[in-house]
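Subject: Handover of a structure and the findings from it

Dear colleague,

I am handing over the structure below, together with an account of what was found in it. Please keep it open while you read.

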Amino acid sequence: MCNCRSVTFSSSVILSYFVIPEQSLQIMEGFNHSGVSEFVLLGLTDSPELQIFFFVMFSVFYLLTMLGNCLILLTVLCTPHLHSPMYFLLSNLSLIDMCLSSFATPKMIMDFFAEHKTISFEGCISQIFFLHLFTGTEIVLLISMSFDRYIAICKPLHYSTIMSQRVCVGLVVTSWTVGFLHTLSQLAFTLYLPFCGPNVVDSFFCDLPLVIQLACVDIYVLGIFMISTSGVIALVSFLLLLTSYVIVLVTIKDHSSTGSSKVFSTCTAHFLVVLMFFGPCIFIYVWPFTNFLVDKVLSVFYTIFTPFLNPLIYTLRNQEMKTAVKKKLSNQYLNLGKTSPRYPVQ
């Protein structure tokens, strides 16, 4: 079983990658030999009325995303019977979702009332770095979660042996390592690109396909590289996940017990997360240089809506998690009532 120490260890590994040091920013400045020092972000809309509406909506979504994922993380940490491989991986997914929703959303919310929506060259590169770090990590973690469900359903007698604490921690560390290597592969050529003048990005954050289109070189080869490293990886990973969940669902199809219904509900929740995450990524990165109006919607979906929906899916469709969350909230409420000052009636 995976305990709280495992989650703490994985969190320390994650945080070691989360901050780009000042030396890295200086390196970015050294690579940027072009005349472009900042990029202009067009955002989602120019309408003042819609900007106010989006400001309120995305502020609420962001706040609920952070609170929901924090609640899942703390519930898993503090509930002994949830110290199992599945919930250990789920808590790490919540951590990644908090990171994914934070790399661009706070700036987008502040930019709704900014007269000039700009971002520095270093800030733009940082957004690309964190976007591919978190999405690459989440892809591998989702594969790990499907592997966990496959072992639990198809090899139940060997589950505790295969999904040991060391394996769980290894899967999380591998996820972050692959994400880190993936984002380095994207930045390896982006930092050397010359930008001669055009600096308008038609989005609310710096996405790689939009930024490299502004370079003063032929981007055909870069497009092929991007499709092969991001689009194809996302597509192949999705097909592998789809195959694994089909195998799992076929395995439990003929069972009608309560345990099988619980497993079916869990696997369905996992697949909904996979579908919501991979769908937009595949659409954007398989056709990286075709500008569709739906691209902005999809960008909002996998950077804001998916991290928001994940806690709802896992709590509403998982009775064990739902019960633990309710118990955690009720305990906090009772503790708050006990510690609140009581004044005598005059």
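A residue is called buried when its relative accessible area is under 20%, exposed when that area is over 50%, and partly exposed in between (1.4 Å probe, protein chains only). Helices (H or I, at least four residues) and strands (E, at least two) are DSSP runs, numbered from the N terminus.

This is a predicted model, in which local features need pLDDT of at least 70 and side-chain atom pairs count only at pLDDT 80 or more, while totals for chains, interfaces and linings use all residues. Residues are numbered from 1 along each chain as its sequence is written, and side-chain values use heavy atoms, with hydrogens and water left out.

Confidence

The predictor's confidence in each residue, pLDDT, runs from 0 to 100. The protein averages 79, and 80% of the residues score at least 70. Over residues 1-28, however, pLDDT stays under 50. Where pLDDT is low, the predicted coordinates should not be read in detail.

Annotated regions and helix 3

In the UniProt record, an unreviewed entry, the annotation "transmembrane region" covers residues 52-74, 86-105, 125-147, 168-193, 219-252, 264-287 and 299-316. UniProt positions are given here in the numbering of this model, with feature names shortened, and annotations may be inferred rather than shown by experiment. In the model, residues 52-74 are 100% helix and 0% strand, with end C-alpha atoms 33 Å apart. For residues 168-193 the figures are 88% helix and 0% strand, and the end C-alpha atoms lie 39 Å apart.

Helix 3 comprises residues 48-78. What span should its 31 residues have at 1.5 Å a residue? The expected span, 1.5 Å times one less than the number of residues, is 45 Å, and this agrees with the 45 Å between the end C-alpha atoms of helix 3. Among the buried residues of helix 3 are Phe 54, Phe 58, Phe 61, Asn 69 and Ile 72.

Ser 94 and its neighbours

Asn 69 and Ile 72 are also touched by Ser 94, not counting residues up to four places away in sequence; contact means heavy atoms within 4.5 Å. Ser 94 is part of helix 4 (residues 85-100) and counts as buried because its relative accessibility is 1%. Its side chain makes a polar contact of 3.4 Å with the side chain of Asn 69. A polar contact is a pair of N or O atoms within 3.5 Å; within protein, one must be able to donate a hydrogen and the other to accept it, and residues adjacent in sequence count only if both atoms are side-chain atoms.

Salt bridges

How many salt bridges does the structure hold? There are three, each being a side-chain nitrogen of Lys or Arg within 4 Å of a carboxyl oxygen of Asp or Glu.

- Lys 107 and Asp 111 meet at 3.3 Å, N to O. They are separated by about one helical turn, because they are four residues apart in helix 5 (residues 105-111).
- Asp 148 and Arg 149 have their closest N and O atoms 2.8 Å apart. Asp 148 is buried at 1% relative accessibility, and Arg 149 at 9%. Arg 149 lies in helix 6 (residues 121-154).
- Lys 296 and Asp 202 meet at 2.9 Å, N to O. This pair links distant parts of the chain, 94 residues apart: Lys 296 is in helix 12 (residues 294-316), and Asp 202 is in the loop between strand 3 (200-201) and helix 9 (208-212). Asp 202 counts as partly exposed, at 41% relative accessibility.

With kind regards
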